[in-house]
Amino acid sequence: MTGSAVKILVVDDEPPIRKLLRVGLTAQGYEVQEAPNAESARRSVTGDMPDLVVLDLGLPDTSGHDLLQEWRDAGLAMPVVILSSRTDEAGIVKALESGADDYVTKPFGINELGARIRVALRHRLQQQGEKAIFQTGALSIDLVKRIVKVDGVELKLSPKEYDILRVLAQHAGKVLTHQFLLKQVWGPAADVQYLRVYIRQLRQKVEKIPDQPHYITTETGVGYRLREPD
């Protein structure tokens, strides 16, 4: 993705939304392709693989969920950022668990979407060469030595607290669903209440004001997000 503009495919059946994204993303330096439906999106991906896809879940011919699942089943790993209605928490969770990288809810600001796109693109690059030390603000995590510090002071974390923080750090900037975190830390049969208890404990240790978290934020009805690295 160096040497030429990053190609973004916008898949949405509403012309005003496509125009908003074309103008806004082009102004941010991206090359924008458009698809008004799933069939057109399939042709675009087959003909000229985009670096990232912005995908509306409510397409007229095939649902966004099914199209995303098709791509992931075919081994296509380009980042996908979902457009969804604010009330469709179940749809957002389903898309994230099918392999979407992030989401924004309508109505959204172009700067918010741009930030999600940058995180998704950066995350794919980080996966190819993960750093040993994660740093965001005053929070640092040594992923080799398993040492966590805030303002240079080492924190005493339980093994489970560290495991949750490690998974969040490995996907920093991305929202992680409750089920993804539970599966990574406890296994598939765990109760979401475990996660809520440990997140509360973690915030008591890493946040200056635990009730107004700066690092570990809640995505209501979906999951949690760790602030992206510096």
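**Close-up views of a predicted model**

View 1. Ser140 counts as buried because its relative accessibility is 16%, and buried here stands for under 20% relative accessible area, exposed for over 50%, and partly exposed for values in between, computed with a 1.4 Å probe on protein chains only. The structure is a predicted model, in which local features need pLDDT of at least 70 and side-chain atom pairs count only at pLDDT 80 or more, while totals for chains, interfaces and linings use all residues. Residues are numbered from 1 along each chain as its sequence is written, and side-chain values use heavy atoms, with hydrogens and water left out.

Ser140 is found in strand E7, where strands (E, at least two residues) and helices (H or I, at least four) are DSSP runs numbered from the N terminus. If neighbours within four places in sequence are set aside, Ser140 is in contact with Phe134, Gln135, Ile147, Val148 and Lys149, contact being heavy atoms within 4.5 Å. Strand E7 (residues 139-142) runs antiparallel to strand E6 and is joined to it by four bridges; two strands pair if DSSP finds at least two bridges between them. Thr136 of the hairpin stands opposite Leu139 in E7, and two residues lie between E6 and E7, with Gly137 in the turn having a positive phi of about 60 degrees. Strand E6 (residues 133-136) has Phe134 and Thr136 on its covered face, whereas Ile133 and Gln135 are on the uncovered one.

View 2. Asp56 lies in strand E3 (residues 52-56) and is buried, with a relative accessible area of 5%. Not counting residues up to four places away in sequence, Asp56 touches Val11, Asp12, Asp13, Gly64, Leu83 and Lys106. Another annotation from an unreviewed UniProt entry, "domain: Response regulatory", covers residues 7-121, a span that is 47% helix and 23% strand, with its end C-alpha atoms 11 Å apart.

**View 3. Strands E4 and E5 side by side.** Strand E4 (residues 80-85) runs parallel to E5, and five bridges join the two. Val81 stands opposite Asp102 in E5. Strand E5 (residues 102-106) is mostly covered, since four of its five residues are buried.

**View 4. Helix H6 from end to end.** Helix H6 (residues 159-170) has 12 residues and should span 16 Å at 1.5 Å a residue, which agrees with the 16 Å between its end C-alpha atoms; the expected span is 1.5 Å times one less than the number of residues. Among the buried residues of H6 are Tyr162, Ile164, Leu165 and Leu168.

**View 5. The contact between domain 1 and domain 2.** The protein chain is divided into domain 1 (5-126) and domain 2 (156-224), with bounds that come from an automatic or database domain assignment. The contact takes 12 residues from domain 1 and 13 residues from domain 2. About 1,000 Å² is buried between domain 1 and domain 2, and carbon and sulfur atoms give 55% of this; buried area is the accessible area (1.4 Å probe) that two parts lose on being put together, summed over both. In domain 1, Glu89, Tyr103 and His123 lose the most area to domain 2, together 40% of what that side buries.

Note on methods:
UniProt positions renumbered as here; feature names shortened; annotations may be inferred.
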